[in-house]
Amino acid sequence: MKVAIRDDDTCYFTQPDALERVYHDVWDRVPVCLATVPFAVGYERAGIPREHWQSGEAFALGRNVELVRALERLIVARRATIALHGYTHQDFPSGFEFQAAPDLERRVHDGRHYLRETLGAAISVFVPPHNAMSKRGLAAVGAAGLNILGSFLSFRPSMRCWDRRTLANWWRVRQFRRSTGRTKADGFVYPRVLRYAGHAEFGCHSLIPGTTLEELTAGFEEARRAGGDFCLATHYWEVDDMMKQVLLRFLDHASRHADVRFVAAEELFA
């Protein structure tokens, strides 16, 4: 069984010590996939100065030289990998970036290229900003051949461009829901990779304020019983002492199983 960690929102506004604070005793146990924004536009969250919440200005990752150097060291040490997390992460009046931006294909292409050139990192995974994607956004990412690591993936065929594998994947998810006694209204994370014609998808369990150890271990044990894998997704800027303890205790729980292997998130798709 493979277990991975995904952390969202590394960008120009990120200070290296903010990542170190959370992961200094984690990323030697399990590499952390840092979902990174190439040209961040500020929005309302901790760590972004208030004057940039509504400014609309885009800040290139490379302008934060200290962060770039820290990320390069983490990548070389195999403590971190890099995923594409949108292009600007900005919100639009009609939705989040990969629901509403007008030029999604360009954003995927240019964002991936920029992270490759700036960090010297291979980019094979896309994480949707706010975990939100339209049918058009999904098509743009899939056309680029990027695998999708999301927390709230929609499996409804109506939300997708069809290919030869769509119906079979929908049936797999439906059968899993039925086997676990869930209705359409009940939430769950499908614990296996779903492969489509040009890309693959995998769902994550969220570690957010209020998440309990019991919730995470229940999801882990369900995935293990199903012969699946597990990915934990969080935001470094939200992790307080309580959340950190939940994270560490979850890793301790998972490590007690001899069949568990901690991996970089990209290996979930191998």
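Phe262 lies in strand S14 (residues 261-262). Helices (H or I, at least four residues) and strands (E, at least two) are DSSP runs, numbered from the N terminus. At 22% relative accessibility, Phe262 is partly exposed. On this scale, buried means under 20% relative accessible area, exposed means over 50%, and partly exposed is in between, with a 1.4 Å probe and protein chains only. The C-alpha atoms of Phe262 and Gly42 are 33 Å apart, and 220 residues separate the two along the chain.

The model is predicted: local features need pLDDT of at least 70, side-chain atom pairs count only at pLDDT 80 or more, and totals for chains, interfaces and linings use all residues. Residues are numbered from 1 along each chain as its sequence is written, and side-chain values use heavy atoms, with hydrogens and water left out.

**Salt bridges**

A salt bridge is a side-chain nitrogen of Lys or Arg within 4 Å of a carboxyl oxygen of Asp or Glu. The count under this rule is 14. The table lists some of them.

| Pair | N to O distance |
|---|---|
| Arg107 and Asp103 | 2.6 Å |
| Glu222 and Arg182 | 3.0 Å |
| Glu267 and Arg261 | 3.2 Å |

Glu222 is buried, with a relative accessibility of 16%, while Arg182 is partly exposed, with a relative accessible area of 22%.

Glu267 is partly exposed at 34% relative accessibility, and Arg261 is partly exposed at 46%. Elsewhere, salt bridges with shared partners join Glu97, Asp103, Arg106, Arg107 and Asp110 into one network.

Two strands pair if DSSP finds at least two bridges between them. Strand S1 (residues 2-10) pairs with S13 in the parallel sense over 6 bridges, and Cys231 of S13 is the bridge partner of Ala4. Strand S12 (residues 205-206) also runs parallel to S13, joined by 2 bridges. Here His205 stands opposite Leu232 of S13.

**Helix H7**

S12, H7 and S13 make a right-handed β-α-β unit; right-handed means that, with the strands pointing away from the viewer, the path from the first strand over the helix to the second runs clockwise.

H7 packs against helix H8 (residues 241-255) at an angle of about 30°, and their axes are 10 Å apart. H7 is therefore roughly parallel to H8, a term for angles under 35 degrees. Axes are lines fitted to C-alpha atoms, for helices over the stretch in contact, and angles run from 0 to 180 degrees between N-to-C directions. The crossing of H7 past H8 is right-handed, which means that the near helix is turned clockwise from the far one by less than a right angle.

Notes: Angles under 35 degrees count as roughly parallel, over 145 as roughly antiparallel, 65 to 115 as roughly perpendicular and the rest as oblique.
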